Amino acid sequence: MYRLTNTTQHYAWGSPSAISDLLGREPSGQPEAELWMGAHPSAPSRIDGGEATLLDFVSADPVGMLGPQVAARFKNRLPFLLKVLSAAKALSIQTHPTRAQAEAGYAAEQERGLPAGDPNRNYVDDWPKPEILMALTAFEALAGCRSAEDAERVLAAVVALGAQALEPVRAELADKPEPATVAAAIGRLLEWPAETRGELVAGVVEACRAGAEKGGESADDSAGDLGQGLAGDLGQGLADDFAAVLRVAEDFPGDIGLVAMLLMKRVVLEPGEAIFLEAGGLHAYLRGTGVELLANSDNVLRAGLTPKHIDVAELLRIMDASVPVPVRHGTAIGVGVTEFDTPAPEFRLYHATLDTKTTLRAELPGTGPRIVLALSGEVELRGTRGALTLTQGESCFVPAREGRVEVSG
């Protein structure tokens with residue numbers, strides 16, 4: 001087992017203190033967005049405080065580190081990347097490709113001669129990027145697209161609040177209520193003519209402001225002012241959605257992504273809940289801290305709420321408005337151990353809660369290569385080749401050759 005020294009990514013949307021608090025150090029004074037644990041080429045973890053990286057170790061002994069099956073299936077590459085993600089501001093509206101789409105897109109950009117690191121690249125590698133995020137704090141996200149019926153009712157409310165320019169989009173959703181129409185509506189918004197885009201965004205933000213202020217009214221009282229858009233279960237919930245748009249608008253004034261947010265489902269995870277994001281699902285993290293596990297890739301197609309490269313046409317080609325993004329609660333697989341199962345072949349996420357009062361000893365779940373992160377307290381790992389103690393914020397890599405590992409603490 002190998003203790004890891006990990007890279008903190010200072011993206012602009014990061015929290016000033018959540019990751020430093022977990023690691024037990026003083027804040028850096030910069031936004032701290034992600035802590036990467038793994039063997040991604042751009043920021044591999046270092047081993048035992050030295051200069052050698054986990055990528056070096058995997059490359060030197062892929063079968064011993066990954067196990068023969070994982071090494072063969074994933075071409076000697078550690079297939080997952082573990083992160084702590086902490087957002088104080090919204091991340092970009094985005095989606096990720098399937099493996100076939102990533103391979104084809106990467107090959108096409110290579111053939112065009114786009115160099116590695118080119119800001120105009122859509123595909124930085126040839127891997128998919130399914131991901132799961134388990135909340136450590138209340139975590140707010142946009143997770144998938146609304147149904148056509150919900151999207152139409154939301155736009156009806158926004159139109160009633162003064163954003164008349166969205167009436168044709170609402171009418172199309174009402175005329176043909178299906179996921180393809182939602183995708184087309186999102187595309188129409190993202191490609192709104194530049195000469196009137198600022199006016200549209202300003203009108204929608206003001207409509208959201210008026211709707212958020214009406215959030216204290218009952219749905220029945222509000223319906224008289226806002227039409228059917230606030231009827232039934234869309235009353236306070238929709239006012240909260242409007243308030244989210246206003247918060248994000250403070251950081252991204254004039255961004256067309258603020259309008260696209262209205263066609264996405266907003267969720268707030270409680271600690272211990274998770275969401276799984278498969279290929280094609282449109283999403284954006286808004287605020288909160290969580291543990292994220294993903295395929296070992298950095299392929300992101302962005303649509304808005306970002307200064308980074310946006311390729312709306314390619315995003316719309318990859319996006320699937322019918323992809324669900326359900327909240328997952330995990331399944332108990334032993335005393336104190338929860339599994340978040342997903343269809344992704346690259347990873348599984350487990351959450352273990354150990355209790356020193358009962359001296360619970362559990363077997364480390366999973367097989368093959370594993371990364372263990374201590375979220376609090378102290379935990380001892382004891383394997384066939386030795387033992388290692390982790391305290392809060394520390395992590396380690398357990399190679400496949402270690403075999404069975406017991407954990408306690």
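Two strands are said to pair if DSSP finds at least two bridges between them, and the helices (H or I, at least four residues) and strands (E, at least two) named in these legends are DSSP runs, numbered from the N terminus. The views show a predicted model, in which local features need pLDDT of at least 70, side-chain atom pairs count only at pLDDT 80 or more, and totals for chains, interfaces and linings use all residues. Residues are numbered from 1 along each chain as its sequence is written, and side-chain values use heavy atoms, with hydrogens and water left out.

View A. Strands of a sheet pair through backbone hydrogen bonds, either parallel or antiparallel. Here four strands follow the order 4-1-21-18 in an open sheet with antiparallel pairing, and its edges are strand 4 (46–47) and strand 18, each of which pairs on one side only. Strand 1 (residues 2–5) and strand 21 (residues 395–398) run antiparallel and are joined by two bridges; within this pair, Tyr-2 has Phe-397 of strand 21 as its bridge partner.

View B. Several residues of helix 6 are buried, including Ala-148, Ala-151, Glu-152, Leu-155 and Val-159, where buried means under 20% relative accessible area, exposed over 50% and partly exposed in between (1.4 Å probe, protein chains only). Just after helix 6, Gly-162 has a positive phi of about 125°.

**View C. Two residues with positive phi.** Most residues other than glycine have a negative phi. Lys-75, which is not a glycine, has a positive phi of about 55° and is found in the loop between helix 4 and strand 5; because its relative accessibility is 73%, Lys-75 counts as exposed. Leu-305 also has a positive phi, near 60°, and its place is in the loop between strand 12 (301–304) and helix 13 (312–318), but Leu-305 counts as buried because its relative accessibility is 1%.

**View D. The largest cavity.** On a 1 Å grid over the protein atoms alone, a cavity is a set of points where a 1.4 Å probe fits but cannot get out, a pocket is an open set with protein on both sides within 12 Å along at least five of seven lines, and lining residues have an atom within 4 Å of a point. A search of the whole structure finds one cavity of 30 Å³ or more, and the largest cavity has a volume of about 50 Å³, a volume being the space filled by probe spheres set on the grid points, which are joined across faces, edges and corners. Among the residues that line the largest cavity are Leu-142, Arg-146, Asp-241 and Met-264, and helix 11 gives the largest share of this lining, three residues.

**View E. The largest pocket.** The largest pocket has a volume of about 1100 Å³ and is lined by 44 residues, of which Tyr-350, Leu-364, Pro-365, Ile-371 and Val-372 lie nearest its centre. Among the elements that give two or more residues to this lining are helix 4 (68–73), strand 5 (80–87) and strand 18 (370–373).
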